[in-house]
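Here is a friendly walk through the structure shown next. Have a look at it first, then read on.

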Amino acid sequence: MKGKPLLVASVTSGIVLLAGIFYIALNLVMQQGARPAPGLPAPDFTLRLYPGYRAGLPEEIRLSDLRGNVVVINFWASWCEECHKEAQALENVYRSYKDRGVMVLGIDYLDTEAPALAYLKQYNVTYPNGIDLQQQIARAYRITGVPETFFIDRDGIVREVVVAPLTEAQLRAKIEALIED
Amino acid sequence: MRIFYASLSLFLVALLAAHPAQAQPPAPDEPTYRIAKQLNCPTCAGRNLADCPTETCAQWKAEIKTQLDAGKSAEEVLAYFQARFGPTVLQEPPKSGVTAPLWAAPAGAALVFLASVGLVMWRAARRSAATPAPAAAEHNDPFIAELERQVRAGE
């Protein structure tokens, strides 16, 4: 009989601990959204653009502000070797299509500023680029690494996701398909 | 045979001499290292920034050094990394927000446990103070207890 209150105390303490762990786990799960698969609306976000890489846009832009354009969202990082392979292609297609209602958005992932700006300078990038602060956009888009590219149509619907570096020909083909749609 | 042993000894001596140079760890007294020790590698789960050899971590360590050279304090550097990359970048989670229960739960559980133990001890002490000392030793055996009761009652 004397051991019963001790048992109750131990169980209560255990429940308090488990409740704390459950609360944290629930919060982490709630922070994760579903991956925006093709056919689903692209999650809206705010991107803080790097100075000198705003392409005439304000310092902070929302994806929803670009509605009506075909948007190519490219997640990259300066330390990512595969990203270097497609950097020039992205810049080339931006220059080709920017006057045809196509926007390329570069989202810098887990990068420090100096190497990121050096990367952009190396490839003479002119399309808007910004830092994904606290990986909020990466989490919303559930990216698994870099590079990852999302193709979004004029209505803000994700049409294709590519988890690999893209060639210029591939980029052009996908953009042309969205323009003609 | 003597030549073989001499060569082997020379080889072993050379190997031992070379080993410390190859396995030289980063200097733990360097401020950059001390700050990096408080951060996580962003791309390898559970790995410390200071000990991670990836390109990402090399860049981050360079950033720490740049900021320290610019006169920033360790706290300012850590605050920069937390603001830019989120609280998960810190080896020790902050004691606020979502992670607050992580710190509060063990303390809460310990408090509940200690309070319960204290209550049990207090009740036991009160019970023993209120109960008069038995005239004779008590027995758990109901037969002996009944026998003692009858003897005391003079039955």
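## Where the chains meet

Buried area is the accessible area (1.4 Å probe) that two parts lose on being put together, summed over both. Between chain A and chain B it comes to about 2200 Å², and carbon and sulfur atoms give 68% of that. If contact means heavy atoms within 4.5 Å, then chain A brings 28 residues to the meeting and chain B brings 28 residues too.

Before going further, a word on the ground rules: this is a predicted model, where local features need pLDDT of at least 70 and side-chain atom pairs count only at pLDDT 80 or more, while totals for chains, interfaces and linings use all residues. Residues are numbered from 1 along each chain as its sequence is written, chains are lettered from A and ligands numbered from 1 in the order in which they are written, and side-chain values use heavy atoms, with hydrogens and water left out.

## What links them

How many salt bridges are there between chain A and chain B? The count is one, taking a salt bridge as a side-chain nitrogen of Lys or Arg within 4 Å of a carboxyl oxygen of Asp or Glu. The partners are B:Arg84 and A:Glu113, at 3.6 Å from N to O.

On chain A's side of the contact, helix 1 (3-31) and helix 3 (113-122) each supply at least two residues. Helix 1 of chain A gives the most, with 13 residues. Helices here are DSSP runs (H or I, at least four residues), as are strands (E, at least two), numbered from the N terminus. Sorted by class, the chain A side that touches chain B has 13 nonpolar, ten polar and five charged residues. For that sorting, Ala, Val, Leu, Ile, Met, Phe, Trp, Tyr, Cys and Pro count as nonpolar, Asp, Glu, Lys and Arg as charged, and the others, Gly among them, as polar.

## Two backbone details

Most residues other than glycine have a negative phi, and most peptide bonds are trans. Now for two spots in chain A.

A cis peptide bond joins A:Val146 to A:Pro147, with omega about 0 degrees. A:Pro147 sits in the loop between helix 4 (136-140) and strand 6 (148-152) of chain A. Then there is A:Leu110, which is not a glycine but has a positive phi, near 50 degrees. Look for A:Leu110 in the loop between strand 4 (102-108) and helix 3 of chain A.
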